[in-house]
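Subject: Structure handover

Hello,

Please find the structure below. My notes on it come after.

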Amino acid sequence: MIAFEYRDSLGSDDEQSLQLEVEILNQLDHPNVVRLVEIFDEGEVIYLVMELMEGGELFDRIVEKESYSEKMAADTIKPIVDAIRYCHELGIVHRDLKPENLLYETTQEHSNIKISDFGLARFVNGEYATTACGTPGYIAPEVIQGNGYGQEVDYWSIGIILYVMLSGFPPFYNENN
């Protein structure tokens, strides 16, 4: 997969965010995290060559199955928990875990699942983040409250994902995000 950004369309904040995402991806080496293969900076365009993930999103599999058995959900979520634990050991919080950011290597039923999209990820190293970000419905309450949060927000998101897998619908829903 190749992602690209046009440099002249990036503001200084966007360029710093992209640099941070690349820095984070360069540090990650886990079987359940999508790997950054190469970066090409062509001046006007920056290309990020990512590991090819041909199996689609967890979101699509949830829609297809409607709900998972407890065993299937546990088997699916365990490698994600392991990968997040690894990220947290490196001081990285993902901040946008959701079924659309969990990708399968292949279309096979028991394909390896991996975390992708570290665009909102940050290093926290014992300090608290305060930026309200993420996807409504998967955001931990402390993110919304804006009082500061740490790596625990990723586990909240994993809990929401697990709930959706088991029931087929989100635990919280409101037209007003």
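The notes cover the basis of the model, a hairpin, the nonpolar cores and the cysteines.

This is a predicted model, in which local features need pLDDT of at least 70 and side-chain atom pairs count only at pLDDT 80 or more, while totals for chains, interfaces and linings use all residues. Residues are numbered from 1 along each chain as its sequence is written, and side-chain values use heavy atoms, with hydrogens and water left out.

Strands β2 (residues 36-41) and β3 (residues 45-50) run antiparallel and are joined by five bridges. Strands are DSSP runs of E of at least two residues, and helices are runs of H or I of at least four, numbered from the N terminus; two strands pair if DSSP finds at least two bridges between them. Leu-36 has Met-50 as its bridge partner in β3. Three residues separate the two strands of this hairpin, and Gly-43 in the turn has a positive phi of about 85 degrees.

The largest nonpolar core has 39 residues. Such a core is a set of buried Ala, Val, Leu, Ile, Met, Phe, Trp, Tyr and Cys residues joined through side-chain atoms within 4.5 Å, where buried means under 20% relative accessible area (1.4 Å probe, protein chains only). Among the residues touching the most other members are Leu-28 and Phe-118. Helix α3 (70-89) is one of the elements supplying at least two residues, and α3 gives the most, eight.

There are zero disulfides (cysteine sulfur pairs within 2.5 Å). The sulfur of Cys-87 is too far for a bond because the closest cysteine sulfur, in Cys-133, is 15 Å away. Cys-87 is buried, at 1% relative accessibility, and Cys-133 is buried at 13%.

Regards

Technical notes. Buried means under 20% relative accessible area, exposed over 50%, partly exposed in between (1.4 Å probe, protein chains only).
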